[in-house]
Amino acid sequence: MYQLTVIHQKSKINPVWNPNASQYLFLTGKPYKPQRVGLLYKLYRRGLLDRCTYSLFMDPEMQKKSKVVVPDASDEQFSAFVQAHTTSPDDIVYFKQTGDMHYGGVPYDHTMYANSLFRVVSETSMDYDPPYITEKTWLTLLNRNPFIIAGDLNSCKYLQSRGIETFDKIFDIPTYDDIVENNSRLEHIIAHVEQWLNGNFNKTEVADMVEHNHIRFLELAVQEQQQLEQRINYSASEIDIRDILTKD
C-alpha cells in the first residue's frame, strides 16, 4: 500500500479527517462472510444504512454462498435485499479467478474517506489467531479515518502493540475487541456504529489520533521496506559468496 500510494501515487491520499461528515464508510469486498454481507444486513435491519457509503458485489454464485451467513433472512428477503443494495460507490473493477473475486485495494477513490466520519473495516477473517491485518486497515490509517474493525478477536490489541491508536474505547460502552463469540462481537460493533453516529465524542482527540495513525503507518511502512531491502541485499551477498566458493 505504501509503494502503490505514497511512492507510485496510484491513488490520492485523503489530506485531513472530516469531523463534520454525515456518512460512514463500509466496503465489503468478497461478500460471503459474517463481517461483510452478514453485518451489512444487520445494519440494514437496524436502519443504519441511510448514512452509510457501502459496497456490495454479488453474482448468483456469490449470492448462494452469502445467504449462508444471513440465516435470519428468508431466501425471498435476502434476494430482495441483494437486489436493492448491490452497489459500488467508487466503481472499482474486480476480476474473477477460480470462481472468486479479487481486488487489491488500489486504485480507490480517496474522496470516500474525505466524506466519511469513520470506517467500518470488514477484515478478512473473524477467527485468525494472531489477528490478520490487511490493506483494508492500512488504507484506512493512511487516509486518515477513524475505524471500527469487524475482524479477528483482539485486532485492536494487536494494532496497539504496533503503536496504532484504536477507537474502541472512546465511548462509555463495552469494547467489541475481546468478545469471543462472533455474532455477539458484530452486535457490539453495531453499538459502536450507533455511538459514532450520535456524535458524542471529542473531535480534537479523534483528529489527533487519526493524524498519529497516519504518521505511524508511514513509519511502519518505511521500517518494513528497510528490513526487506536488508534481507534482499544479504541474500544476494550469500549467493555471490557461494558462487565464488564453488568456482574451480
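Me: Leaving aside neighbours within four places in sequence, which residues is Tyr24 in contact with?
Reply: Leu43, Leu48, Leu49, Arg51, Cys52, Thr53, Ser116, Leu117, Phe118, Val120, Val193 and Leu197. Contact means heavy atoms within 4.5 Å. This is a predicted model: local features need pLDDT of at least 70, side-chain atom pairs 80 or more, while totals for chains, interfaces and linings use all residues. Numbering runs from 1 along each chain as its sequence is written, and side-chain values use heavy atoms, without hydrogens or water.

Me: Which residues touch the most other members of the largest nonpolar core?
Reply: Tyr24, Leu39, Leu43, Phe118, Val120, Val193 and Trp196, out of 62 residues. Such a core is a set of buried Ala, Val, Leu, Ile, Met, Phe, Trp, Tyr and Cys joined through side-chain atoms within 4.5 Å. Buried is under 20% relative accessible area, exposed over 50%, partly exposed in between (1.4 Å probe, protein chains only).

Me: Rings next. How many aromatic pairs?
Reply: There are 15. Phe, Tyr and Trp (six-membered) rings pair with centres within 6.5 Å; planes under 30 degrees apart are stacked, over 60 edge-to-face, the rest tilted. Trp17 and Phe201 are tilted, at 6.4 Å and 45 degrees.

Me: Are those two buried or exposed?
Reply: Both Trp17 and Phe201 are buried.

Me: And how do Phe118 and Trp196 pair?
Reply: Stacked, with 5.3 Å between centres and 25 degrees between planes. Phe118 and Trp196 are 78 residues apart, and both are buried.

Me: Which residues do ring pairs link into a cluster?
Reply: Trp17, Tyr24, Phe118, Phe147, Phe167, Phe171, Trp196 and Phe201.

Notes
Helix = DSSP H or I, 4+ residues; strand = E, 2+ residues; numbered from the N terminus.
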